[in-house]
Amino acid sequence: SIGQTYITRFQNRFYQLPVSYFTPAKKWANSPQYPAHQAVFNRPITSRCFECHTTFAQKISALNREPEEFDPTKFIYGVDCEKCHGPGAKHVDFQTQNPGVKTAKYIINPSAFTRQQSLDLCILCHGGRLRKTAPSFSYVPGGKLEDYFAIDITPPAPGSIDVHGNQYGMLSESKCFQQSQTMTCLTCHNTHVNERKNITVFSQRCMTCHSNGHGNECPQIKKIGPSIKNNCIDCHMPRQESQAITELLPGQTNPTAALIRSHLIKIYPQNKPQ
């Protein structure tokens, strides 16, 4: 992971703490975008923050009241099954009473989604700063994201998308995505298996399309040889500095940017073998 940040609660309001742990440096550091010489504790955690970083949070404050207030007893911390499969209480009750029934009746199965439904589910948290038009947590997997958020269809300016937080925006600018009728985030990511840093696994998924049989094998295979099939990622999806996630490490005067995998799949000239 890039790191860990922490929150505190005062009454029914939640705030981000000014110190985070920056994993690449194995050091504690200022939380991103915090002042360098003053410890502040007034950055509120909003319902939109919780919408991506938890499964559920019950807001109890009035509309447009800031900072927002939440019921601390009605939280589902972390991102669990219900984030993608929808509310599970009825599912658990039914299957408990009917253990012989193998077809789920009260749970959402994302494998049956259309391409857009699948993308919408991921865009919720990986589509940049979406402006919500409905209360947080009202979107349910399988629904139309545009019914809950204002979707900006204006093409982004080249290089304007930060590598953090808008993976879909970068993917949608990739030729791989634009020339496919079926590609989604799940084409590469198995959400039920922790495959972080397993470059070979992701590269093999590239090979399902970029192979000699499909007529679009990487031309660099002639220089690198068969071993290229074990790592397409570092060349075509390199780690890049985030402008949004920067940490001021102890003793430093300039923030250190987090290196995050680019989801703009393309040929990066600086990565081409000489």
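**Ground rules.** I number residues from 1 along each chain as its sequence is written, and side-chain values use heavy atoms, with hydrogens and water left out. As the model is predicted, local features need pLDDT of at least 70 and side-chain atom pairs count only at pLDDT 80 or more, while totals for chains, interfaces and linings use all residues.

**Entry 1, the sheet.** I looked up the strands (DSSP runs of E, at least two residues, numbered from the N terminus). Three of them make an open, antiparallel sheet in the order S1-S4-S5; two strands pair if DSSP finds at least two bridges between them. S1 (3-4) and S5 (27-30) are the edge strands with a single partner each, so one side of each has no neighbour in the sheet.

S1 is joined to S4 (residues 19-22) by two bridges, and Gly 3 sits opposite Phe 22 in S4. Between S4 and S5 I found four bridges; Val 19 has Asn 30 of S5 as its bridge partner. S4 and S5 form a hairpin with four residues between them, and Lys 26 in the turn has a positive phi of about 55°.

I then turned to the second largest pocket, which 36 residues line. Nearest its centre are Cys 176, His 210, His 236, Ile 265 and Lys 266. A pocket here is an open set of points on a 1 Å grid over the protein atoms alone, where a 1.4 Å probe fits, with protein on both sides within 12 Å along at least five of seven lines; lining residues have an atom within 4 Å of a point.
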